[in-house]
Amino acid sequence: MGQRLRKRISNILLRVTVVSSICFGLLPFYYNKQQQRFVSSKPLLIYKTCINVTFFILMTFLLSLFIEFDDAFGAGDPLAELLNRLTIYISFGDVLITWWINWTSRQRLQQLFNEFASIEIDYLYRYKYFTDECATFDYYVFWKVFATLLQNLSFFYSTTVTNNHGWLFIIFMFLLALLTNIIFHVSTHFFLAVLFTYRFIWVLNRRLASMAGNEVSSSRLRVLSIEIDNIAYIYTRLIRLCAHYTRIHQYQLLLLFGSMTLCNIEVLFYVRLLWSGKVNELNAFNVFAILQIVVVNILDFWLTITICEQALVTSQKTVEILRGFNENPKYLIDVERSLEGFAIICSNTKLRFNLCGLFDINHSSGLNFLLTMILYLIYLIQYYHENL
Amino acid sequence: MSSNKVKPSPIQRHHNGLNQFLRQPPTHNSIFKDMRITLCVLKATGLLPIYEEVSSYEVGPPTKPKIYYSFFIRGVVQTFTLFNLYNLVTPGSTGQLFYSYSDTDNVNKWIEYLLCMLSHSATVIICGRNSKLFIKILNEILKVDEDVFDRFRETLKNKCGFSLKYIVGICICQWYLIVLRVLAVKDTLNVNSYIFLFIYAVQNGMATIFIVFTAALLRILKMRFAHINTTLKGYTYSEQHKLRRIPGRDRDVITMDSFPEESLFIYRLHNKLLRIYRSINDCCSLILVAYMGYAFYTITTTTYNLFVQITTQRLSFNVLQTCFVWLAMHTCVLALLSKNCGQATDEANGTSQVLARVYGASKDHQNIVDKFLTKSIKQEVQFTAYGFFIIDNSTLFKIFSAVTTYLVILIQFKQLEDSKMEDDWSKL
């Protein structure tokens, strides 16, 4: 894909995400082009309050509706039904907590957005060509939007597949899908924040690498020290920023991962039930209808995991590039000192995405999640072995 | 250890540098000497590109016909994989191969075949995609060798002789397994089953041989890192102290005067080696994940089979042999991989420790040491399988503890199945 087209599409998608977040009442501020920062506005705040109250009423309505359904998904089994209920309740809890945190931390969220904007203005506008070259960024934006769309589609698809519950159930599912989108949006915010961090570090790395690789003329040597100091400053700001937004999003993400894992275990368990010969008229269509939920869930989950891993790997590369400076002996004492300072900063403050002090988000914990799903699936099957 | 040769002192080197050059012409690059057959096997199976040897320290990209050959071989192999997959999902065509007692066992065997295919296909596809990267890695290693030769006038050893032994071992194991499998089936097998078994063995063999190759690459890196470390050791405080106490050997003493120049060379070398280390990791990590998943599964099911064999009264020597061959092969290869990864990582991380001991040797050069050390604080390199887990000596332990856990679960499963069967019988 051409670079400009790619850039343009990803920009549009980013803008759409921000606008739809505002529509969902998640962001009560907008980007002011003159001031080059995000400013909060009264009307948006009022809109946010209104929509939140509407959603809240909707949710209580839905909950009361849901309690009246017995065995809403046709599980035909007490434990499976319990799991179903648990998943739904956790999703509701997730939505509630998301709202609460979103409301209480709206100013922090605004600061966060402004910090990103100001880093962009402070340093990165000079390296626009580097920013444009970062293809991974755009592809990840595409992937995330695609995954969110798929989540919605899969939700509606599963609603249409489960028949025989009448219009009340369908309305319930559709409204639930609407509410679930709030969680998806918040997870997208986190994803985008990590993605931006990744791109910033990527650009810093590119800049550092070009400095390490080139023979620098003596007149530039003095400037080099200042530039390295500057990069180190940006780097520390990014690390702090990262800790900041992880703290804002930690509870939502934790609940999101939890409900996703639960949902996957439950759905996989259905597959086992189907295979066990309980349902005779099993065909490829049925299997697809169930497996698509798992696939879409895992795709979405894995995108979050993998972008964090990408950011971590990129930040580890910074030190590697710094080592490359060792190969050149002819730096001034200032440059050496700046390099040392930066190296020490890198080794002391590392990028990490820690959720509530429970675990870091990276590939290894992602694998743990997947393994946990398989393990609990096995436990469930054992528990049910008599009935199969 | 690689270079327990006595390193010539700088002065010596200065004196008889030319002589040595005449006496010891650049030996044929040793990377090909030890691993010639391993590389040949991989080239013939299309996993590695068939590169040209431009000079003794450089390899060039493959020519067009050779690229086509690799393509062709990979295509053929993948077609056979598809054939196997087709056989696996169509019941009846290879049904004779599933002869186990219970449902769970058959499902296990089925998944094992599937995982083997997955691992092999991953190897073929990733190798095909990364063929340029492999040539780059080989070239970079050769470049390091050349640099070392230019400077120290010595050719580094690889000690990759193990790779050949492993390949022979793997081939023998695969043939033995085919024979055992054929013997195990009571009635005559159809042609499909024979082809299936053969392809399965080939897939297994190729996936495993590639892991051996990765281990060999890591061994090569380990030797280079070790060389750096021994060179640096000559400058440490204790060595300097020792040399100073022996009178009358002034000529041979490695003086600290050469340290600034030498350190620069070594930093550069270390950086290059780290870069190679990382690119090997990037190239192979997904293959490693696929293989390790497969090996883990196979080891678990095999141990389970072994358990069932031992607990039931009808002991079959055929099955016992099969189990032991599987276990031995996978355990050995995993052990080889984890050992080499661990060693390479240890040597790479050991450099900063050795350098720290140079710190005390002389006050004048502390800033040079500092330059390296500040960039290595808390920055240890790790060989990871796609970031999922770190591969080093502890990996084997972790795998076996996981195997035990899953074994217990499988045994419980079996008990449940048995009790259910008894219930069904009693109802009848």
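**View 1. Polar contacts across the interface of chain B and chain A in a predicted model.** Across this interface, 8 residue pairs are in polar contact, both partners having pLDDT 80 or more. A polar contact is a pair of N or O atoms within 3.5 Å; within protein, one must be able to donate a hydrogen and the other to accept it, and residues adjacent in sequence count only if both atoms are side-chain atoms. On the side of chain B that touches chain A, at least two residues each come from helix H9 (259–311), helix H11 (366–374) and helix H12 (393–427). Helices (H or I, at least four residues) and strands (E, at least two) are DSSP runs, numbered from the N terminus. H12(B) provides the largest share of this side, 9 residues.

**View 2. The salt bridge of Glu320(A) and Arg278(B).** The closest N and O atoms of this pair are 2.7 Å apart. Between chain B and chain A the count is 2 salt bridges, each defined as a side-chain nitrogen of Lys or Arg within 4 Å of a carboxyl oxygen of Asp or Glu.

**View 3. Extent of the interface between chain B and chain A.** Contact (heavy atoms within 4.5 Å) links 29 residues of chain B with 35 residues of chain A. The size of an interface is often given as the accessible area lost when the parts come together. Here the buried area is about 3,100 Å², with carbon and sulfur atoms giving 54%; this is the accessible area (1.4 Å probe) that two parts lose on being put together, summed over both.

**View 4. Lys414(B) in helix H12 of chain B.** Lys414(B) has a relative accessible area of 17% and is therefore classed as buried, a term that means under 20% relative accessible area (1.4 Å probe, protein chains only). Apart from neighbours within four places in sequence, Lys414(B) is in contact with Tyr304(B) and Val308(B). In chain B as a whole, buried residues make up 53% of the 428 residues.

**Notes to all views.** Residues are numbered from 1 along each chain as its sequence is written, and chains are lettered from A in the order in which they are written. Local features need pLDDT of at least 70, side-chain atom pairs count only at pLDDT 80 or more, and totals for chains, interfaces and linings use all residues, while side-chain values use heavy atoms, without hydrogens and water.

Terms used: Buried means under 20% relative accessible area, exposed over 50%, partly exposed in between (1.4 Å probe, protein chains only).
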